[in-house]
Amino acid sequence: MSATKTITTKIIAADLKASFRTIKSFLLEQKALILNKSNAFKTEQSSERVALSDEAEVASLDLSMHISINLQERDRVVLFQIETALAKLENGTYGECVSCSEPIGDKRLQARPFATLCIHCKEEQEDPMNYIN
């Protein structure tokens, strides 16, 4: 291996490590935000309910609770994806497509840090023609 190729490889590896550190920081921040929202939701749910005087107030509260529960569920899914990405960062498989084992592109990982599929495999997964029997 030539000296130039060795230096280039080291530079790329250093850039990759820096990029992964940035992604890890972002994922940890997102995790903290979700956990804080979850704690706030639990506190809100456990607080005493005020006696409601009419059906409109009850309906409004029920709708608000339904929306909050749906948002909590979405956050729970994202939290699982974040945990999976953090585990992959730790074990050295982060950025590897789970379908084809090819690298997931940097731009895709920057846009969606917990992506598990490369863009080709994701497009294939979403292609409606793959679901026609």
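These legends accompany close-up views of a predicted model.

**View 1. Helix 2 from end to end.** Let's begin with helix 2, which runs through residues 55–91 and has 37 residues. From its first C-alpha to its last, helix 2 reaches 54 Å, close to the 54 Å expected at 1.5 Å a residue. Just after this helix, look for Gly 92, which takes a positive phi of about 85 degrees.

**View 2. The buried residues of helix 2.** Which residues of helix 2 are buried? Met 65, Ser 68, Gln 72, Asp 75 and Leu 79 are on the list, and Ile 82, Ala 85, Leu 86, Lys 88 and Leu 89 complete it.

**View 3. The largest nonpolar core.** This core has 17 residues, and the members that touch the most others are Leu 27, Ile 82, Tyr 94, Cys 97 and Leu 109. Helix 1 (3–46) and helix 2 each supply at least two residues of the core. Its largest share, five residues, comes from helix 2. In soluble globular proteins, nonpolar side chains tend to be buried together.

**View 4. Around Leu 27.** What does Leu 27 touch, leaving aside residues up to four places away in sequence? Its contacts are Ile 82, Ala 85, Leu 86 and Leu 89, along with Pro 113 and Phe 114.

**View 5. Glu 96 in its loop.** You can find Glu 96 in the loop between helix 2 and helix 3 (106–111). Glu 96 counts as partly exposed because its relative accessibility is 36%, between the limits of 20% and 50%. Not counting residues up to four places away in sequence, Glu 96 touches Lys 88, Ser 101, Glu 102, Ile 104 and Thr 116. Cys 118 is 22 residues apart from Glu 96 along the chain, and their C-alpha atoms are separated by 7.8 Å.

Key
Residues numbered from 1 in each chain as written. Predicted model: local features only at pLDDT ≥ 70, side-chain atom pairs only at ≥ 80, totals over all residues. Heavy atoms only, no water. Helix = DSSP H or I, 4+ residues; strand = E, 2+ residues; numbered from the N terminus. Expected span 1.5 Å × (residues − 1). Buried < 20%, exposed > 50% of the residue type's maximum accessible area, 1.4 Å probe, protein only. Core = buried A, V, L, I, M, F, W, Y, C linked by side-chain atoms within 4.5 Å. Contact = heavy atoms within 4.5 Å.
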